[in-house]
Amino acid sequence: MSGLLVLIPIALGLGLLGLAMFFWAMRDGQFEDLDGAAQRILIDEEEEE
Amino acid sequence: MTAPFRQQDLKDSALADTRLTVPGMRCAGCIAKIERGLAEIEGIDAARVNFSAKRVAVRHSPRLDQGDLVEALRHLGFEAQALADNPLGSDDKESKALLRALAVAGFGMMNIMLLSVSVWSGAGGVTRDLFHWLSAIIALPVVAYSGRPFFASAWMALRYGRTNMDVPISIGVLLATGLSVYETFAGDGHAYFDSAVMLLFFLLAGRALDATMRTKTRAGIGALLSKMGKSARVLGRDGGTSEIKAEDLQPGMVMLVASGDALAADGVIEKGRGSLDNSMLTGESDPEHVETGSVVHAGAIALSGPMEVRVTAASSDTVIAEIARLMDEAGQSRSRYTRIADRASRLYAPAVHSLALLAFLGWMLAGAGWYQSLVIAIAVLIITCPCAMGLAVPAAQVVTSGALIKRGLLVKDGSALERLAEVDIAIFDKTGTLTLGEPQADISILGEKQREVALALAQASRHPLSRSLANALQGEGARPAQVEDITEAEGQGLAGTWQGMPVALGRPEEEITGMASLLRIGPAQTIITFADGLRADAKQALAKLAEQGIASRILSGDRQRAVEAVAKALDVPATAEAKPQDKLSLLEDLQSQGRKVLMVGDGINDGPALAAAHASIAPGSASDVSQQAADAVFTGKALMPVALAVAHARRCMTIVRQNFGLAVVYNICAVPLALAGVVTPLIAAIAMSGSSLIVVGNSLRLARVKQ
């Protein structure tokens, strides 16, 4: 029982963390251009410094 | 990926942002080319491509204007237009709100399930009570937040005395939550928090997918919409010119019209002569020759120029505005269409609610207490709550419209798919719909050297005929010859020097019917003719429609002779010289006979018919009004997407009906358990997720369909 008192808050906390990260990612516009994200991985990295 | 840092731009401090639409980007290479190419240009700080929406956001110094950016993109090989607001509106907010609600529901579902599994596997006493309390603490805010889309829609429906799919959903969720809270307080019995939140999660997944798909297709259509004819260059008193928006034009102003421009207002030609392409306005395929004194209409595109046009009627008085009014009236009937999900819920909701009531009365009569009877009645509502029903339609429609996007057809929403599946007769416009709507050069008579010279000259011009010629030549693999000193005289054509010989591409000296260009190499002269050819697969597409029991006919504004030729080639009945009103009334005649008409057209003159038809499709090259009025837009040169759209829509409806069948079968199995009073939260959770997954799996079959 005492184990639960530690584990349940941890489980909930991790879940909330994930939720908060999702909200942040959405506000940050990371889901705006999903097709583009799929294409960009194919671009060669030859960026001039 | 980001542009290199530039010191001097920072000094201008106030950087401007411009968004442009670039419909031509297709691959990763295009993204890299645009972003890097633009970033190298003096004065541009950074460029970021949004591939889904086919847009580029450019951060640049205010010294550059939109024209410079469009020109820069043209140098990189992309047609671009400064972005006007997408008149289709943005569903972006809605899909974002749904995604947020989905994330919250997912969080709640997983955590409550974690607790529920322990209860199912035998946790008892204090532990069970603790878990129920924890579930309640998670579930209440989650239901309140994630349930809003359903509650709001159900409330709206109820307020107007109607019912829709969201009414039984809301009742189910609220009752399951309410009963569970009561049980948690009472400290015995079952809690159904997991069922309530799971139901929300699955339904939101369907809605969010639906909204995302709609946003995507609408962004795609938005990228096709042009800005043509929305502004005009107006000659000032001092001889200077200024760009004025179409709605601000006043009668009496003088517009400068260059070749390629669309007219923004009706008027009379004051100076200059040339030819106009009226195909968008009237459906007529041959260009009209106009000169000083000719009356011209907004929406016509100048093929040659320059001309000065005195405005006689602007914005609300133009022929286009009249068509827009017709369209508004014509579109009314379609908004009354009831979607299949709502039709199903009209049957379903009363059945379920009376079943629950019967269960309550039955158990009361059988001598159970009112509390136990109520619990059983609520269990009936929870188990019959249309989880699979709510997913049955969007799951199938999302998969179908995804498959259609791959084949070049953007369907605006689910209701469009439902109506497309019902059509039984197709009416085609001719110019720009069955035909490509742009002049196709006949280059078969040209020899190799002529091709090379012609390409070198044609490439240098923006004239529609030159561009069409250049496209045709490039398509056949011609390479441009070394032509020097190319000059373009407006209205005359192009001239240059090739191997010491004068060469030219321009208007033929004598008047020829139809469109033609004269290619001169030294003393030799060749006439290149242009014709508006049929789409290559027009016949196959009509045959495929006929296979599905859909008769086709042509309804065109073009002249009898031109229409007859096409009708003969395709072997379908045709009506020619139809005005927008004629098109509309023919359509209404057919609909009043009970026919479900599919209208396919591109011109402004097709607008009212597109809006009035049971379902409508416009090509990607269509006028803005047509694309906005149509249910779907197809891109590319093939007509086959039209036939495929109907085939896919019908398959989609078959799957939707199967899904409803599966959901009903599931309920038939589960309801006796609920009526018998043996439904535990475990059974409810399995019934709910099981039926949802089966429905989604069944819908995914649509993605594998070969054409």
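**Group meeting talk: two chains, one predicted model**

Hi everyone, let's start with chain B, which has 25 helices and 26 strands. Helices here are DSSP runs of H or I with at least four residues, strands are runs of E with at least two, and both are numbered from the N terminus. Please keep in mind that this is a predicted model, where local features need pLDDT of at least 70, side-chain atom pairs count only at pLDDT 80 or more, and totals for chains, interfaces and linings use all residues. Residues are numbered from 1 along each chain as its sequence is written, while chains are lettered from A and ligands numbered from 1 in the order in which they are written.

The C-alpha atoms of chain B fill a box of roughly 105 × 70 × 50 Å along the principal axes. Of its 707 residues, 49% are buried. Buried means that 20 or more other C-beta atoms lie within 10 Å of the residue's own; with 12 or fewer it is exposed, in between it is partly exposed, and the C-beta atoms are placed from the backbone. Chain A has two helices and zero strands, and buried residues make up 2% of its 49 residues.

How do the chains meet? Here 19 residues of chain B are in contact with 18 residues of chain A. Contact means that two C-beta atoms, placed from the backbone, lie within 7 Å. On chain B's side, the elements giving two or more residues are helix H2 (28-39), strand E2 (44-50) and helix H4 (92-120). H4(B) gives the most, with nine residues. By class, this side of chain B has 14 nonpolar, three polar and two charged residues. For the classes, Ala, Val, Leu, Ile, Met, Phe, Trp, Tyr, Cys and Pro count as nonpolar, Asp, Glu, Lys and Arg as charged, and the others, Gly among them, as polar.

Let's stay with H4(B). Its axis and that of helix H5 (residues 125-146) of chain B come within 9 Å and cross at roughly 165°. The axes are lines fitted to C-alpha atoms, for helices over the stretch in contact, with angles from 0 to 180 degrees between N-to-C directions. H4(B) and H5(B) are therefore roughly antiparallel; that label needs an angle over 145 degrees, while under 35 is roughly parallel, 65 to 115 roughly perpendicular and the rest oblique. Among the residues meeting here are Ala105(B) and Gly108(B) from H4(B), and Ala139(B) and Val142(B) from H5(B). The contact has twelve nonpolar, six polar and one charged residues.

Those four names come back in a moment. Which residues touch the most other members of the largest nonpolar core? In this core of 170 residues, they are Val197(B), Val380(B) and Ala392(B). A nonpolar core is a set of buried Ala, Val, Leu, Ile, Met, Phe, Trp, Tyr and Cys residues joined through C-beta atoms within 7 Å. Helix H24 (residues 640-675) of chain B gives the most to this core, with 18 residues. A second, separate core of 26 residues includes Ala456(B) and Leu465(B). Leaving aside neighbours within four places in sequence, Val197(B) is in contact with residues including Ala105(B), Gly108(B), Ala139(B) and Val142(B).

Finally, H24(B) has a partner: its axis and that of helix H19 (residues 538-547) of chain B come within 8 Å and cross at roughly 20°. That makes H19(B) roughly parallel to H24(B). Among the residues that meet are Ala541(B) and Leu545(B) in H19(B), and Ala643(B) and Val646(B) in H24(B).
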